[in-house]
Amino acid sequence: MKILVLNAGSSSLKYQLFNMESGQVLAKGNCERIGAGGIVTYKKTNAEPYFEETDLENHEAALKIVLELLVSKEHGVIDSVNEIDAVGHRVAHGGEQCKQSTIITESIIKYLETLIPINPLHGPPAISGIKACTDLMPYVPQVAVFDTSFYSDMEDSRYIYPIPYEFYERDKIRRYGFHGTSHRYVSRKLAEVMGKPIEDLKIITCHLGNGSSITAVQGGKAIDTSMGFTPQEGIAMGTRSGSIDPTVVTYIMKTKGYTSDEMEDILNKKSGLLGISGISNDLRNICVAAENGNKRAKLAMKILTNGIKKYIGSYIAEMNGLDALVFTAGIGENQYNIRHDVCENMSWLGIELDEEKNKNFQRGIPFEISKKESKVKVYIIPTDEEYMIALDTERFAKKKSKQ
Ligand code: ADP
C-alpha cells in the first residue's frame, strides 16, 4: 500500500508518501507561505532536494503541485496518482466524539467544523486539506488521525477543570491533551524495544520540542497528560508560558489594558524559554548563552527542567510506580544536558542515568540511557508521528476496502 500523509497548517502543507510494505518514505516535503506567495520543498529519498517558488493560492493548489511532483518524470516516485491507496491527515483536535482515528466522511467534516471555535488555528487548514483531497482524489479513502484521541480514555477526574461544571457541559471546556500521536508512537515503540507487552508497562513519555508535553501511559492507555484545553497548559515551552496562575492573566489585562488577542499573543508567542531568557525560543541558543554565564538563560533551563520533574513525580504517584521514562522530539532526542538535569536526584524514585550513554547516545534510533541497575529504564525514542498516521491510515483503509 502507498499512503500519503498530510499535515496542514495555516499557511503550510507538509507531506510524506510511504510505501507500507517496505516502511520506506518515498518522498516528502513541505509547501510553505500558502496564500502569501508559495515555496515548495520536495525530497525524494536518496536524491537532492528540489525547491520551487510558485503561487500557492490555497491548500488545494499546494496539493495539486505535490501530486504533480510525485508523478513527474524528473522527480516522481510513482507513475500515477492512482497508485496512492489512501491519504492520512493529521488533525489536531477531534473533540469529545473522535475517540480514535477514523475514515473521513461528510459527517466527520461537519463535526470538525463545529470544533473550529475551540480549535481556531489548526481546524480550518486541516479541513481545507481534507477538502482539497476530496476534490483532487475523490475515490481515495481518507483517514483522520487526531492528536487528542490518545487521551479519550482519561478519567473525568483528570480532564474536568475545577471551574463551574456548566462550562464543561455547555461549552466543552475541559482538558483534551495534544501530541497524542507522538506519545502513542513512542510508548508502543518502547514496549517493542523492551520486548514487553505494553499492557504490562507504566511509562512516562516526555515530548520536548518547541511545544512540549508529558504523558503518563499505563497499560497502553494515556491516563494523564500535561496539555489541556489547548496546547498552552503544562511545562514552559519555546514561546508558550505553560501553566501559570490564571490571575496573572487577568491582572495583566486589567492593569495594562490588553485585549484578549494581545494577551494570547504574549502567552503563546512571547513567553516560555524566549520570554524568560530574552534570547531565543531555541534551546540550542539558550544553552550557548548559559555556558557563557547568562543568568536568564540558566534560569530558563532550570524552569524547564523543574517543570518536567514535577510532572514525572506526579505521574509516578498517579500510577503507583514507573517502568520506563522516554525522551523524544527535538530537545528530548538531542539535548543530553536537559535529560541529565531532569534525571538528576531521582535515584530515590528508581531513575539512574548512565551519564556516559546519555552523553554519547546514538542519534536516530531507540537508545537506552539508564544504568544497568536502574529500576526505571530510561530511553531516547525518536518520534515519528507521520509513520504512526500512515499505520492508522493503512489499518482503516484496509478495513474500508473489506466492507
Ligand atoms: P517542533 O515542536 O517545532 O516540532 P522540535 O521537535 O524540532 O520542534 O524541537 C525544537 C527544539 O529542539 C529546539 O529548542 C531546539 O533547540 C531543539 N533541537 C532540535 N534539534 C536539535 C539538535 N540537533 N541538537 C540540539 N537541540 C535540538
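A: Let's start with a term: a polar contact is a pair of N or O atoms within 3.5 Å. Keep in mind that this model is predicted.

Q: Which side chains does the polar contact of 3.4 Å join?

A: That contact links the side chain of His 183 with the side chain of Thr 215. His 183 itself sits in helix H6, which covers residues 180-194.

Q: Is His 183 buried or exposed?

A: Buried means under 20% relative accessible area. His 183 has a relative accessible area of 0%, so it is buried. Leaving aside neighbours within four places in sequence, its contacts include Phe 150, Tyr 151, Phe 178, His 207 and Thr 215.

Q: Where is Asp 323 found?

A: Look in the loop between helix H11 (295-319) and strand E12 (324-328). Asp 323 counts as partly exposed because its relative accessibility is 28%, and that class lies between the 20% and 50% cut-offs.

Q: What is Asp 323 in contact with, leaving aside its neighbours within four places in sequence?

A: Its partners are Asp 200, Leu 201, Lys 202, Lys 375, Val 376 and Lys 377. For Lys 202, the backbone nitrogen lies 2.8 Å from a polar atom of the Asp 323 side chain.

Q: How many residues apart in sequence are Asp 323 and Gly 234?

A: They are 89 residues apart in sequence, and 23 Å separate their C-alpha atoms in space.

Q: Which domains does the domain assignment give?

A: The assignment lists domain 1 (2-146) and domain 2 (195-385). Taken over C-alpha atoms, the centres of domain 1 and domain 2 are 29 Å apart.

Technical notes. Residues are numbered from 1 along each chain as its sequence is written. This is a predicted model: local features need pLDDT of at least 70, side-chain atom pairs count only at pLDDT 80 or more; totals for chains, interfaces and linings use all residues. Side-chain values use heavy atoms; hydrogens and water are left out. Helices (H or I, at least four residues) and strands (E, at least two) are DSSP runs, numbered from the N terminus. Buried means under 20% relative accessible area, exposed over 50%, partly exposed in between (1.4 Å probe, protein chains only). A polar contact is a pair of N or O atoms within 3.5 Å; within protein, one must be able to donate a hydrogen and the other to accept it, and residues adjacent in sequence count only if both atoms are side-chain atoms. Contact means heavy atoms within 4.5 Å. Domain bounds come from an automatic or database domain assignment.
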